[in-house]
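Please give me a short report on this structure. Start with the overall build, then go through the sheets, the core and a few single residues.

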Amino acid sequence: MTLFPSPEPATTAFVLKPPNPFYAVEGKNFTLKWDYTLDGSLSAVQFSNFTGAGDDPIGSRVGPGKISIAQKYEARFRAQAERTRAELTILAVQLSDEATYKLSVVSSRATFIWDSVRVIVHCKY
């Protein structure tokens, strides 16, 4: 006789995504946040600028923690990923930051999810 139901197996999926499109105001900091579930632990994560020609990596990391940012983005971009959440912050957003940003997450069981968000920058005046 089973007194407690068996736990549901975890799946790798997004449970919360930023609005798409996401509107930012020039000169202000903003953060894109994703919440997810994983079937295992966080194996790898990458943020990129998603262009028609492919991905331009902003930063990546193996495992959870602060994400190493590519040199051309390191002055104004910050990112981190934990077991259930990833965040990408742009400091003092500029009109040139208007783009599509992509998050890719891989679990320790080799399941892969990704999401992209179009950021539209409004002039502060």
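This is a predicted model: local features need pLDDT of at least 70, side-chain atom pairs count only at pLDDT 80 or more; totals for chains, interfaces and linings use all residues.

Residues are numbered from 1 along each chain as its sequence is written, and side-chain values use heavy atoms, with hydrogens and water left out.

**The whole chain**

The protein chain has 11 strands and zero helices. Here, strands (E, at least two residues) and helices (H or I, at least four residues) are DSSP runs, numbered from the N terminus. The C-alpha atoms fill a box of roughly 65 × 25 × 25 Å, taken along the principal axes.

Some totals for the protein chain follow.

| Property | Value |
|---|---|
| Buried share of the 125 residues | 39% |
| Accessible surface | about 7300 Å² |
| Surface belonging to carbon and sulfur atoms | 54% |
| Contacts joining residues at least 24 apart, among those at least 6 apart in sequence | 53% |

Buried means under 20% relative accessible area, exposed means over 50%, and partly exposed lies in between (1.4 Å probe, protein chains only). Accessible areas come from the Shrake-Rupley method with a 1.4 Å probe; for residues, only the protein chains shown count as cover. A contact means heavy atoms within 4.5 Å.

**Two open sheets**

Strands of a sheet pair through backbone hydrogen bonds, either parallel or antiparallel. Two strands count as paired if DSSP finds at least two bridges between them.

Strand 6 pairs with strand 8 in the antiparallel sense over two bridges. Lys-66 has Gln-80 of strand 8 as its bridge partner.

The other open sheet has six strands in the order 2-11-10-4-5-7, and its pairing is mixed. Its edge strands are strand 2 and strand 7 (68-69), each pairing on one side only. Strand 4 and strand 10 pair in the antiparallel sense over seven bridges. Val-45 stands opposite Val-105 in strand 10.

**The core**

In soluble globular proteins, nonpolar side chains tend to be buried together. A nonpolar core is a set of buried Ala, Val, Leu, Ile, Met, Phe, Trp, Tyr and Cys residues joined through side-chain atoms within 4.5 Å. The largest one here has 30 residues, and Leu-32, Tyr-36, Phe-47 and Tyr-101 have the most contacts inside it. Among the strands that each supply at least two core residues are strand 3 (30-37), strand 4 (42-51) and strand 10 (99-107).

Which residues does Tyr-101 contact, leaving aside its neighbours within four places in sequence? They include Leu-32, Ile-58, Phe-77, Leu-88, Ile-90, Val-117 and Val-119, as well as Asp-115.

**Two loop residues**

Asp-97 lies in the loop between strand 9 and strand 10. Is Asp-97 buried or exposed? Asp-97 is buried, with a relative accessible area of 5%. Beyond its neighbours within four places in sequence, Asp-97 is in contact with Arg-76, Phe-77, Ile-90 and Val-121.

Glu-74 sits in the loop between strand 7 and strand 8. Glu-74 counts as partly exposed, at 45% relative accessibility. The C-alpha atoms of Glu-74 and Ile-90 are separated by 9.9 Å, and these residues are 16 apart along the chain.
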